[in-house]
Amino acid sequence: GEEAVTALCRTLREEAGLGNDKIASILHAYTPLLHADLNLEVRPVLGFLLGEARVEREALASVVAAQPSILTLDVEASLKPAMTFLVKEARVPAGKVDKVLQQCPRLLLLRPEEGPRAVVEFLAGHVGLSRDNVGKAVTSFPQVLTMCAETQLGKTLAWLESVGVPAGRLERVVRLHPKTLSYSLNNNLQPTVRYLWEEVGVPPEKLGKMIASFPQLLGLSVQHNLRPMVRYLLDEVGVEPARLHKMFCTLPQLFGLSLQNNIRPHVEYLVTEVGIPRDRIGKAVVTFPHLLAYNRDDKLKPTVHFLLTLGVPKDRIGKLVATHPQILGYSVDEKLVPTVRYLVEDVGVEAHRIGEVVERCPKLLGCSVDNNLRPTVQFLLDEVGIHPTQIGQVVTKYPSLLGLSIDNNLRPKLAYLREEVHVEHDAMRKLLVTCPQLLAYSLENRIKPRHRLLLGKGLKLGLHSMLAPTDIAFYQRYGDGLGRVPAVKAALNVGDAASGRYYWDGGAEEISRGVVDG
C-alpha cells in the first residue's frame, strides 16, 4: 500500500542515503522492490552492508542505485557467502570492500561457485599471481570476477602469449593492469597490435616486451590516442619514421601521456626554455624519450638550473642537452652534485672551469664515481705516472679520458705504446699531460696501422706526429694514398668513440627515471 511505499522511501532516504530522484528512478527500474518486505528484506540487507560488511553510507547509496535488486537478497543465503568469498578467497582487504562493490555491485548477486571462484583459481594457478596480488587485482578491477575463466580469461592469456609476451611475464601484465583481461580481441587488442606493427614499425619480436612493460597500452584507442601522438612526433617534432619504434620500445608509457597536456608542453619547454635547437629535438627525444615524461618542475627545471650554476652558459644548455639528453635524467642530489664535488675536490678540476668540462663531455656526469672515475684517475696516477697536481689539468683538457675503460682500452693501449712503439715512461707522462687526447685514439684502427706502416718504411715519428694528423693527411704523406689504409675509415678521428670501450657505451650511466608528468 501507499504507507508501505512511503516507509520504503523513507528508509532508502535515511538509511541508504539516497535522494528522492534516485529513489524514484530505482522504483521505476526495479518494481519488485515495491512489494519487498521492509523489515524482513530491505532493512536486514542495509543493516548487514552498513554493519558487518562495513560499507560506507556513501558507497552504499551508489551500490543500491546501481543494483537495487540487492535489497531483496537473503542475507544468510546470498550476501554473507558473497562477502566471505570476497574477503577470504579473493583477498579483498576488508577496508576496500565498499570500493569494490561501488565499481561492481553485481558481485553481490553472483554465487562464488558460479564463476568467481574459478576466476580466483585461474588468476592464482594459470596466471601465477600470489594470493595477495589476486586481492590487489580484484580490488583494482573487480569486474574480472564476473568473467568466464575458460572462455574469456584463458583466450586473452593465450593471445598475449601469441604476440610475444613471455610466459614468465604474463603475471606482471595482469598484476599491473588486470583490466587487460577484459579487452575485446576484435575491438581492442588486435587493432592496437596491428597499428603498432604496421604504422609505428615495432618489430614483432619486441612487441611482447613492450606490452609487458606497459600493458595499459592495449586499452588505448588507436584513433584517439596512438595515431595523434605518432603524427605529432613525426610531423611537428621531427622524429625520423625509421626511428619512431625505438622511442616506444624504450618507453611505451609515452602512449599513456596526454598529447595536449603533457607531450606538447614538454616539447615547447625543451625548445624554448632549455634551448634545444628545433631541428635537433626529434633526435634528442628518440635518444632519450624520458625527456617527454619527466615532471618539468620536479625534474627538468632543477637539473637545468644546476647546469647553469656550474657555469654552463644559458645559450649553450640546449646544445649540451641535444648532444647528451640523458643528462636531464640524472638526479641532482644523488648523482650530479657528488660527481661534480669529486671532480673539483678530488681530481682537481678548477671550480670555475667545471662548466667547461661538462660542456665538453656531459657523459662524464653519468659515470659512477666509485666504479668508473676513481679507478681511472688512479690508473693515470699509478700506471701512467701523472702527478696528482696535474690530473685536474689533464681532465680539463680532455674530460672524455675519464670515460675510457681501463681494461678494454687504456691498459692495452699503454702496453702497446711502451712495448711496441717504445715510448719511455717519462716521455709518455709528459706528452699526455700536454696532449691527453692521444690516449683516446683507437689502438686497432689508428695506433697499430700507423705504427706498422712507419715501421715497414723504416720511419720513426714522435707519438704526437704519428697519431694527431687525420687519416687523410697521414696516409697521403706517409702511405700510398687512402686505398692502402687497412680497416681505417677515411674520416675517422677517434675510433673508440663508437667501439664500446667507453664506460657509457657499456651502460655505466646512472639515470634517475624520475616522476612521470601527468
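Me: Does Asn133 count as buried or exposed, and why?

Reply: This is a predicted model. Asn133 has 18% relative accessibility, so Asn133 counts as buried. The residue sits in helix 8, which covers residues 131-140.

Me: Which residues does Asn133 touch, leaving out those up to four places away in sequence?

Reply: Asn133 touches Glu171 and Arg175.

Me: How many helices and strands are in the protein?

Reply: The protein has 27 helices and zero strands.

Me: What percentage of the residues count as buried, and what area does the protein expose?

Reply: Of the 518 residues, 50% count as buried.

Me: How do I read a single helix, for instance helix 15?

Reply: Begin with the end-to-end distance. Helix 15 runs over residues 259-274, and its end C-alpha atoms are only 20 Å apart. A straight helix with its 16 residues would reach 22 Å at 1.5 Å a residue.

Me: What happens at the two ends of helix 15?

Reply: At the start, a side-chain oxygen of Ser258 comes to within 3.4 Å of the backbone nitrogen of Gln260. After the helix comes Gly275, with a positive phi near 95°.

Me: Which residues of helix 15 are buried, and what covers them?

Reply: An α-helix has 3.6 residues a turn, so residues three or four places apart point the same way. In helix 15 the buried residues are Leu259, Asn262, Ile263, His266, Val267, Tyr269, Leu270, Val271 and Val274. Their cover includes helix 13 (222-237), helix 16 (281-287), helix 17 (296-309) and helix 18 (314-323).

Me: How many disulfides are there?

Reply: A disulfide is a covalent bond between the sulfur atoms of two cysteines. With a cut-off of 2.5 Å between sulfur atoms, the count is zero disulfides. Cys148 is in no disulfide, and the nearest cysteine sulfur, that of Cys104, is 15 Å away. Cys435 is likewise in no disulfide, with the nearest cysteine sulfur, that of Cys361, 16 Å away.

Me: Why do Cys148 and Cys435 get the accessibility labels they have?

Reply: Cys148 counts as partly exposed because its relative accessibility is 33%. Cys435 counts as buried because its relative accessibility is 8%.

Me: Where is Arg418, and what does its side chain reach?

Reply: Arg418 is in helix 23, residues 406-419. Its side chain reaches the backbone oxygen of Glu383 at 2.7 Å. A polar contact of 2.8 Å also joins the side chains of Arg418 and His425. Not counting residues up to four places away in sequence, Arg418 touches Glu383, Val384, Val423, His425 and Met428.

Me: Why does Arg418 count as partly exposed?

Reply: Its relative accessibility is 26%, so Arg418 counts as partly exposed.

Me: What separates the C-alpha atoms of Arg418 and Glu205?

Reply: These residues are 213 apart along the chain, and their C-alpha atoms are separated by 47 Å.

Note on methods. Residues are numbered from 1 along each chain as its sequence is written. This is a predicted model: local features need pLDDT of at least 70, side-chain atom pairs count only at pLDDT 80 or more; totals for chains, interfaces and linings use all residues. Side-chain values use heavy atoms; hydrogens and water are left out. Helices (H or I, at least four residues) and strands (E, at least two) are DSSP runs, numbered from the N terminus. The expected span of a helix is 1.5 Å times one less than its number of residues. Buried means under 20% relative accessible area, exposed over 50%, partly exposed in between (1.4 Å probe, protein chains only). Contact means heavy atoms within 4.5 Å. A polar contact is a pair of N or O atoms within 3.5 Å; within protein, one must be able to donate a hydrogen and the other to accept it, and residues adjacent in sequence count only if both atoms are side-chain atoms.
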